[in-house]
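Q: I've never read a protein structure before. Could you walk me through one, feature by feature?

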Amino acid sequence: GRLRGEFVNVAVSGNPGRFVCNWTYYVSLRCAEESGCDVLFVHVPAFGTVGKETQMRFVRSLMVAIASAQKRAEISDNGAAHA
């Protein structure tokens with residue numbers, strides 16, 4: 001989508017990495033399963049690889065994209081409930 005066009009190296013992956021990241025992702029999925037909520041794990045590189053400002057811009061863009069998708073889903077759900 002739009003994030004891939006703006007941030008060239010953005011990719012979907014099923015591999016959260018090793019150790020802390022893997023544990024964080026696992027625990028997040030388990031908590032989500034138990035509570036019925038959604039979870040998103042975003043693995044970002046070290047600032048030496050991709051600068052802090054670029055990563056912060058990406059995170060802001062990602063948050064806007066998630067909020068927009070959530071709002072569209074809520075509108076769609078409300079429309080379906082009133083149909």
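This is a predicted model: local features need pLDDT of at least 70, side-chain atom pairs count only at pLDDT 80 or more; totals for chains, interfaces and linings use all residues.

Q: How much of the protein chain counts as buried?
A: Of its 83 residues, 10% count as buried.

Q: Let's zoom in on a helix. What span does helix 2 reach, and what span is expected?
A: Helix 2 covers residues 20–35, which is 16 residues. From its first C-alpha to its last it reaches 22 Å, close to the 22 Å expected at 1.5 Å a residue.

Q: And what follows helix 2?
A: Gly-36 comes next, and its phi is positive, near 80°.

Q: How do I read charged side chains? How many salt bridges are there?
A: The general idea first: side chains of opposite charge can pair when their charged atoms come close. In this model the count comes to one salt bridge. Arg-30 forms it with Glu-34, and their closest N and O atoms are 3.4 Å apart.

Q: Where do Arg-30 and Glu-34 lie?
A: Both are in helix 2, four residues apart, about one turn of the helix. Here's a handy rule: an α-helix has 3.6 residues a turn, so residues three or four places apart point the same way. As for cover, Arg-30 is partly exposed at 45% relative accessible area, while Glu-34 counts as exposed at 59%.

Q: What about rings? How many aromatic pairs does the structure hold?
A: When you look at a pair of aromatic rings, you describe it by the distance of the centres and the angle of the planes. This structure holds one aromatic pair. Its members are Tyr-25 and Phe-41, 5.4 Å centre to centre with 50° between the planes, and the pair is tilted. Tyr-25 lies in helix 2 and Phe-41 in the loop between helix 2 and helix 3 (52–82), so the pair ties together parts that are 16 residues apart in sequence.

Q: How exposed are Tyr-25 and Phe-41?
A: Tyr-25 is partly exposed, with a relative accessible area of 24%. Phe-41 is partly exposed too, with 22%.

Q: Which loop holds Asn-15, and how far is Asn-15 from Tyr-25?
A: Asn-15 lies in the loop between helix 1 (2–6) and helix 2, and it counts as exposed at 56% relative accessibility. Asn-15 and Tyr-25 are ten residues apart along the chain, and their C-alpha atoms are separated by 9.5 Å.

Q: Last one: which residues form a nonpolar patch on the surface?
A: Leu-40, Val-42, Val-44 and Ile-66 do, with about 310 Å² of accessible area together. Ile-66 lies in helix 3 and is partly exposed, with a relative accessible area of 42%.

Methods: Residues are numbered from 1 along each chain as its sequence is written. Side-chain values use heavy atoms; hydrogens and water are left out. Helices (H or I, at least four residues) and strands (E, at least two) are DSSP runs, numbered from the N terminus. The expected span of a helix is 1.5 Å times one less than its number of residues. Rings of Phe, Tyr and Trp (its six-membered ring) pair if their centres lie within 6.5 Å; planes under 30 degrees apart count as stacked, over 60 as edge-to-face and the rest as tilted. Buried means under 20% relative accessible area, exposed over 50%, partly exposed in between (1.4 Å probe, protein chains only). A salt bridge is a side-chain nitrogen of Lys or Arg within 4 Å of a carboxyl oxygen of Asp or Glu. Patches are made of residues with over 30% relative accessible area and no salt bridge: like charges are joined within 9 Å, nonpolar side chains (Val, Leu, Ile, Met, Phe, Trp, Tyr) within 5 Å. Accessible areas come from the Shrake-Rupley method with a 1.4 Å probe; for residues, only the protein chains shown count as cover.
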